[in-house]
Amino acid sequence: MKIRNPILPGFNPDPSIVRVGGDYYIATSTFEWYPGVQIHHSRDLANWRLAARPLDRAAQLDLRGDPDSGGVWAPCLSHSDGLFWLIYSDVKRRDGAWKDSHNYLVTAPAIEGPWSDPVHLNSSGFDPSLFHDADGSKWLLNMVWNHNRTGGDRFGGIVAQEYSVEERRLVGDIHNIYRGTDHKLVEGPHLYARDGWYYLVTAEGGTGYDHAVTMARARDLLGPYETDPAKHVLTSKDTDPHHLLQRAGHADIVETEAGEHFMVHLCSRPLPGTRAEVAGAGLHADDLRRSPLGRETAIQRLVWDEGQFPRLAHGGNAPAPEIDGPDLAETPVDPLPARRTFDGALPPEFQWLRTPEPERLFSLTERPGALRLFGRESPGSQFEHALVARRQDALAFRAETEVEIAPGDYQHFAGLIAWYGRDKFHYLAVTADEAGARVLTVYSCAADWPQARIAYPLAPVPLPATGPVRLGCDVDGAELRFRYAAGEEGWTDLGLSLDQSAISDEAGNGPGNNFTGAFVGICAHDTSGRGRTADFLSFTYEPRHG
């Protein structure tokens, strides 16, 4: 069996993998999206389905006020003592000299739950992970943030502290066990015990195009750790910029029941035509390499000989687009339906932003058969933003929805949105003009960083006063085109070509500063504060692979 990368396409970064019997689980970061942490399940390492999003109530996670690309960073999923253990960060501030990063632990007897209320562990840094040693002890590892450092590297090393299950807290001294290499920005620790050694996997170089996986080992858990002579077991930084998988780093390792070893890691696939590292128009070179799909999860086969550091089975340290899979029976999963209606629970691929109180944003019961959104704060609000969306997981796709809205004025609007964050979106909205007549308009914010501006690249289009309106978008790489249909008329292309490459990690202020990925979905806004509604009758998403 061959495995084609990435195995989790679209925004699915910072993978943590664990095997329980013949089942494999990967946890990935969700940042400001709710519920928190995505966990996918597989039995063959090639085919994955979404199994759970465990952080689904206010006691576990409240992201209101968290910045874009803040929130849930780098979860760690493990299994020990009959329980799943999930460690995660909630990053409340991510800019400037300081970071407010609170690290928590929850447990569950099964992936589906019930998941416990959290234990606060520390707030000293991010990327926490939990190591279960053979003697029964448990150790928390995380990178430590040193705000006193200058020169851009405030990553103070990897620290370890013992966790007491009985006391439900960290105990004993804090040990700085590894300070990384001259590649700097050491983070993302995972620890393994093997052949009398403790092996430490870390990420270095930042999560941009210099990202790398660096390993070290020690005879004692607390060190001293010696860096792998090869330094980086995995990186894309030295490859051709046209290599399919860029920004490879932040990894974790799993062993199959047959003793095979595989490494999962994040990566990105820049748009064709934006891969070459050439500067122009006053832009940083990396700003021209754009990845709307964000950071995705890929897998590599390892060779791990006794007493040695692991190596990529295909040689070198660059990620392979395709690998030989494990000696396991292939277990396909059913694809998601293209068209979704709203006659039950919210379809599992959809998430919303920040709040643990989704009933303030939407309802599936107020109008049976429709998803009713309550217009809340403006696009880009970090508190209550009624936006429900799914990941873009292909470079080309079409999306459609049907909305019924009677906007009372121009402060009430709703529609179809291609979204990255508060300064990166394209929005096809039904609203009203100053005379109260229903119209169609486009709001576009194309990452004009640091002074993001909302453009109105279309004169308002008159719409029938009542009735549903169909809204659609077609994305092909770096281009997005909107269309609409009202009444008995067929689809009308609006004649706009918008820059979909701006809906990406890199656009605006470069890689390593934005951490999510492109979504497409539906939203409603009412900046008057009256909470006026819009009803969505269906949503269609069809990727076009090729």
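In which loop does Asn5 lie? In this predicted model, where residues are numbered from 1 along each chain as its sequence is written, Asn5 is found in the loop between β1 (2–4) and β2 (16–20), strands being DSSP runs of E with at least two residues, numbered from the N terminus. Local features need pLDDT of at least 70, side-chain atom pairs count only at pLDDT 80 or more, and totals for chains, interfaces and linings use all residues, while side-chain values use heavy atoms, with hydrogens and water left out.

Asn5 counts as buried because its relative accessibility is 4%, where buried means under 20% relative accessible area with a 1.4 Å probe and protein chains only. The side chain of Asn5 reaches the backbone nitrogen of Ile299 at 2.9 Å and the backbone oxygen of Ala320 at 2.8 Å. When neighbours within four places in sequence are left aside, the residues in contact with Asn5 (heavy atoms within 4.5 Å) include Leu244, Leu245, Ala298, Gln300, Pro321 and Ile323.

Elsewhere in the model, four strands form an open sheet in the order β7-β8-β9-β10, with antiparallel pairing, two strands being paired if DSSP finds at least two bridges between them. Because β7 (71–80) and β10 (119–122) stand at the edges with a single partner strand each, one side of each is left without a neighbour in the sheet. On average, neighbouring strands of this sheet are turned by 25° against each other, direction ignored, the axes being lines fitted to C-alpha atoms. Within the sheet, β8 (residues 83–93) and β9 (residues 100–108) pair in the antiparallel sense over nine bridges, and Val91 has Ser101 in β9 as its bridge partner.

Definitions and conventions:
Axes are lines fitted to C-alpha atoms, for helices over the stretch in contact, and angles run from 0 to 180 degrees between N-to-C directions. Buried means under 20% relative accessible area, exposed over 50%, partly exposed in between (1.4 Å probe, protein chains only). A polar contact is a pair of N or O atoms within 3.5 Å; within protein, one must be able to donate a hydrogen and the other to accept it, and residues adjacent in sequence count only if both atoms are side-chain atoms.
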